[in-house]
Amino acid sequence: MTAAALHVDDDPARRVAELLAAAAAAEQTIVLTGGTSVGTAYEIAAALEPDWSKASVWWGDERCVPPDDERSNYLLAKRTLLDRLEHEPDVHRIRGELQPADAAGEYEKALDGVELDLLLLGLGPDAHVASLFPASPQLEERQRLVTSGPAGLEPFVDRVTLTLPALLSAQRIIFLVAGADKAEAVRRAFRDEINDDAPASLLRRGSAPIDVYLDAAASGG
């Protein structure tokens, strides 16, 4: 099992942006996330390294909406990262406009044999990760890399998500967490015992290093 390293910083988005830019320059396979905190990190990463042409990007989860829908994780990354680059990476988005099961099946085929170098994740206030929510039967998946299912929090649209086997296969895991409303989730995910009620804690069962970049509010002081 792996102990998560917590890094409290005045500007955690910049620290994460520096890691993303370095990964792009190193021609790595990068898994992106959605959420309210990550857009700033994407903007900074694009400024730090405008050439992502030798990298590839994927997503840890997606809402089952078209790519131009405001709820789309892809749209967030497109606006804040991809559109700001001089040279884009090889982009592998989850096609949320398809039926959920079809989108999951298509994405799983695309992932076959792909090594995930850097996995960027956010943390939900209920300690969910990607679209794996507490008490979800998807937490029991041990074979498939991608599944679809309902949301556990707003917006209540179906989701397509990497499963625990896929997340645990990453070579390095990075979390970006900000805000006092995440402090309890941080404790449950990274300091308390590993528990299905805090899905993010399950990543500590793997061997990949886990680095959590958070502000003072999210750290609980």
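**Exercise 1. Describe the open sheet of three strands: what are its strand order and its pairing sense?**

Step 1. The strand order of this open sheet is β4-β8-β7, and the pairing is antiparallel. Strands are DSSP runs of E with at least two residues, helices are DSSP runs of H or I with at least four, and both are numbered from the N terminus. Two strands count as paired if DSSP finds at least two bridges between them.

Step 2. The edges are held by β4 and β7, each with a single partner strand, so one side of each has no neighbour in the sheet. Neighbouring strands of this sheet are turned by 15° against each other on average, direction ignored. Axes are lines fitted to C-alpha atoms, for helices over the stretch in contact, and angles run from 0 to 180 degrees between N-to-C directions.

Step 3. Between β4 and β8, which run antiparallel, there are three bridges. D61 stands opposite T161 in β8.

Step 4. Helix α4 (residues 100-111) packs on the sheet and touches β7 and β8, its direction making about 165° with that of β7. Contact means heavy atoms within 4.5 Å.

The model is predicted: local features need pLDDT of at least 70, side-chain atom pairs count only at pLDDT 80 or more, and totals for chains, interfaces and linings use all residues. Residues are numbered from 1 along each chain as its sequence is written, and side-chain values use heavy atoms, with hydrogens and water left out.

**Exercise 2. Determine the strand order of the open sheet of seven strands, and state which helices lie across its strands.**

Step 1. The order is β1-β10-β9-β6-β2-β3-β5, with parallel pairing. At the edges stand β1 (5-8) and β5 (90-91), each with a single partner strand, so one side of each is left without a neighbour in the sheet.

Step 2. Four bridges link strand β2 (residues 29-32) with strand β3 (residues 56-59) in the parallel sense. L32 stands opposite W59 in β3.

Step 3. Helix α1 (residues 12-25) lies across β2, β6 (118-121), β9 (172-177) and β10 (210-214), at about 150° to β9. Helix α6 (residues 183-190) lies across β1, β9 and β10, at about 165° to β10.

**Exercise 3. Characterise the largest pocket and the setting of G35.**

Step 1. The volume of the largest pocket is about 700 Å³. On a 1 Å grid over the protein atoms alone, a pocket is an open set of points where a 1.4 Å probe fits, with protein on both sides within 12 Å along at least five of seven lines; lining residues have an atom within 4 Å of a point. Grid points are joined across faces, edges and corners, and the volume is the space filled by probe spheres set on them.

Step 2. The lining comprises 31 residues, of which G34, G35, T36, R63 and H128 lie nearest the centre. The largest share, four residues, comes from α3.

Step 3. G35 is located in the loop between β2 and α2 (38-48). With 43% relative accessibility, G35 is partly exposed, a class between buried (under 20% relative accessible area) and exposed (over 50%), with a 1.4 Å probe and protein chains only.

Step 4. G35 and N73 are 38 residues apart in sequence, with a C-alpha to C-alpha distance of 7.7 Å.

**Exercise 4. Which peptide bond is cis, and where is P155 found?**

Step 1. The bond from E154 to P155 is cis, with omega near -5°.

Step 2. P155 is in the loop between β7 (146-149) and β8 (159-162).
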